[in-house]
Amino acid sequence: MAKIKTHFNRRSFLKVATASGAGLMLQFSWMPSLAGKKTKEEIDGVFRFNGFIKIATNGDVTIFSPNPEIGQNVKTSMPMIVAEELDVDWKKVMVEQAPLNTDLYTRQIAGGSQSIRQGWKGLRMAGATAKQMLKEAAAKEWGVPVKEISSSMSKLSHAKSGKSAGYGEMASAASEIKVPEEVDLKDVKDFKIIKSSTLNVDGQNIVTGKPLFGLDYKEDGMLIAMTIHPPAFGLKLKDFDKSKALAMPGITDVFTINLYKDDYLQGPFDITAFPELIVVVGNSTWQVMKAKKAIEAEWEKFDTYEVTSKGFGGNKETRKVPAGLENSTEHQNSLREMGFKSAKEARKDGDPEAVFKTAAKVIERSYTAPFLAHSTMEPMNFFANVTADKADLVGPIQTPEFMEKTVSERLGLPLEKIDIQMTRMGGGFGRRLYGHFLVEAAVISQKLQKPVKLIYNREDDMTFGIYRPAYHAYYKAALDENNNLVAFQVRAGGIPESPLFANRFPAGAVDNYLAEQWDTPTNITIGAFRAPRSNFMGGVEQAFLDEVAEAAGKDPIEFRLELLERAKNKPVGKNNDYDAARYAGVLELVRDKAGWKKGDTSKNRGVAAYYCHNSYVANVVDVVMEDDAPIIEKVYCSVDCGIVVNPIAASNMMEGGTVDGLGHAMYSAITFKDGKPEQKNFDKYKLIRNYNAPRDVQVDFVKNNIDPTGLGEPPFPPAIGALANALYKATGKRYYNQPFMEAEQELIM
């Protein structure tokens, strides 16, 4: 049993809601001045929606889920953690989405596979503290030592006296108890809710079509707005004629907006793509879509300009946005040219240049990947109702707290006047980190002084930017006369960012190691895409290691384990950002679960393993050929994400992330001609179809008691590497360029 102080990152626990005869509400807060305040609703016996736990006098327990639900199941899994420490009957727990209030709920972001990892201790503390206060209330009521009070399934008991009471009976009395400075957390072995598969709390509503998503939201009097942006990157609006559109039925207004004020300093999730937009407003989506086509707009090229932004740490960065209409052929030429030049050194161990000159074998390969679109199933949308002194915003957003600040500055309203309500999201994968559509909706509503919902259609979203960057990686490995890996080089870059992780495997496992990075500018807007940068590096690194193992005459799993053993027992350098034992653990588990046998050629199977976002994943992919086309027969996934909070949800995340990685690697690409995206909808931009998906995915978890980490991103990268290696076994051809089924697979040297 571990003890934990009832404060978290300088935030203190706070008891706020005490209504006579009405129960207890607890919340985190760094605003202790709120203590003891009662709202009219509390006095009337109805609690406000402002904390993690609400216990009514009838024993009903409501647990609020603080983070945005993007399909990663946090709306179920985060309350499970609170409920575990609170010792309640999960069947009697109601879960509600918490509103945006970072003073109460601290981190309210969906991104980086961090929700469970960042919330783990705080959520446990919330449950444990409420339970302790209930116990102390019962002890005081019954005149017995608090240490003799036990709790289970929402019930308090004292064995010696035979007294017992439900949580609801003690809720009001508990509200008078001083918040303890320290509480006990359960031993992992005593978990009853955590580690048990629990169905999604929204499952029934999802399958029966209940309104949950942003697109479902509507209010009386709400207008519909859609935007028109330039048809190509490198263009801006020159002029437009709105007369035909305004004459069409149901169209109420056509105007332009600017996303930011002239002196606005952009934040981490603001964007530079198309800040000036034409807006069409009407009574229905269909009317507005037709009116958009009647707009006659004239566009002109823009000159190179600079954008200054501030990152997470508040550091300012100025970036030059080049002019011009870019083409994918030029991008490919640039990637190849830059990829074979010396670049900025990010890490160097030993003397790799000297070892390459004297090595018995040297293997060199290069890999590319194109721009990708996120393709969320629910298009971008947001509702806004902005009045003179308040902004009510409702919709799907991964970064509500960041967008709240942007909206505040753009509208000229203080933060406390901005209310953002989070709906369930129909996918995000990084796309909804960038909430420009939320800001646009707010600006449109402020201009109209009416409630409005902004909607993008598929073409609007796929041509608006926020793409995964295009990447290139060059690898070089040296083997000695005994086929030991003695030198390794990686040089990785992209448009407009490098994907390099200098301190990841096999750094730390090779005496002579060199990592270099480069980038080249573009006016095409990029952003985070599921497993940022790892979504490229994980796949190509593992494909290259497969070739090195083959050149060394070694089994690919044994080759990797050999390197990890070196990294574990005699590591090179001190900044290796992975745990070699856990890395090896997922490889050994997938080897055993897949029945991998050294030298077995009876199946076309490939293996890969990767570490990112604090979790470890290894895959074995089996491919068969049918009518000269590859069929993914089975994928084995082994995972080390620490304690698995909700196994059924974790397996779902693994299956979804694996299929997503395989599909994008095989089929997807955004290309450009004269600045225009050539793929605007799913007729040209191919995602994996049901008949292309793996026929079976098996997920196995490493069992340990390490604090849990996330699963949104980690399944994506290694699936690509394992697929490339399996395709090689099936076809005899190495796959260097994504998408595997569309791009030529020549070795670029």
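Two strands count as paired if DSSP finds at least two bridges between them, and strands (E, at least two residues) and helices (H or I, at least four residues) are DSSP runs numbered from the N terminus. This is a predicted model, in which local features need pLDDT of at least 70 and side-chain atom pairs count only at pLDDT 80 or more, while totals for chains, interfaces and linings use all residues. Residues are numbered from 1 along each chain as its sequence is written, and side-chain values use heavy atoms, with hydrogens and water left out.

View A. The strands lie in the order 8-9-10 with antiparallel pairing, and strand 8 (149-152) and strand 10 (163-166) are the edge strands, each pairing on one side only. Strand 8 is joined to strand 9 (residues 155-158) over four bridges, and Ile 149 has His 158 of strand 9 as its bridge partner. Helix 4 (residues 115-142) packs on the sheet and touches strand 8, strand 9 and strand 10, its direction making about 135° with that of strand 8.

**View B. The crossing of helix 14 and helix 15.** The axes of helix 14 (residues 534-552) and helix 15 (residues 556-569) come within 9 Å and cross at roughly 100°. The two helices are therefore roughly perpendicular to each other, a term that covers angles of 65 to 115 degrees. Helix 14 contributes Gln 542, Leu 545, Asp 546, Val 548 and Ala 549 to the contact, and helix 15 contributes Pro 556, Phe 559 and Arg 560.

View C. Met 78, found in helix 2 (residues 74-86), is buried with a relative accessible area of 3%, buried meaning under 20% (1.4 Å probe, protein chains only). Leaving aside neighbours within four places in sequence, Met 78 is in contact with Ser 65, Pro 66, Asn 67, Ser 115, Ile 116 and Leu 123.

**View D. The largest nonpolar core.** This core, a set of buried Ala, Val, Leu, Ile, Met, Phe, Trp, Tyr and Cys residues joined through side-chain atoms within 4.5 Å, has 152 residues, and those with the most contacts inside it are Ile 444, Phe 488 and Tyr 578. Apart from it lies another core of 47 residues, including Phe 64 and Met 80.

Technical notes
Buried means under 20% relative accessible area, exposed over 50%, partly exposed in between (1.4 Å probe, protein chains only). Contact means heavy atoms within 4.5 Å. Axes are lines fitted to C-alpha atoms, for helices over the stretch in contact, and angles run from 0 to 180 degrees between N-to-C directions. Angles under 35 degrees count as roughly parallel, over 145 as roughly antiparallel, 65 to 115 as roughly perpendicular and the rest as oblique.
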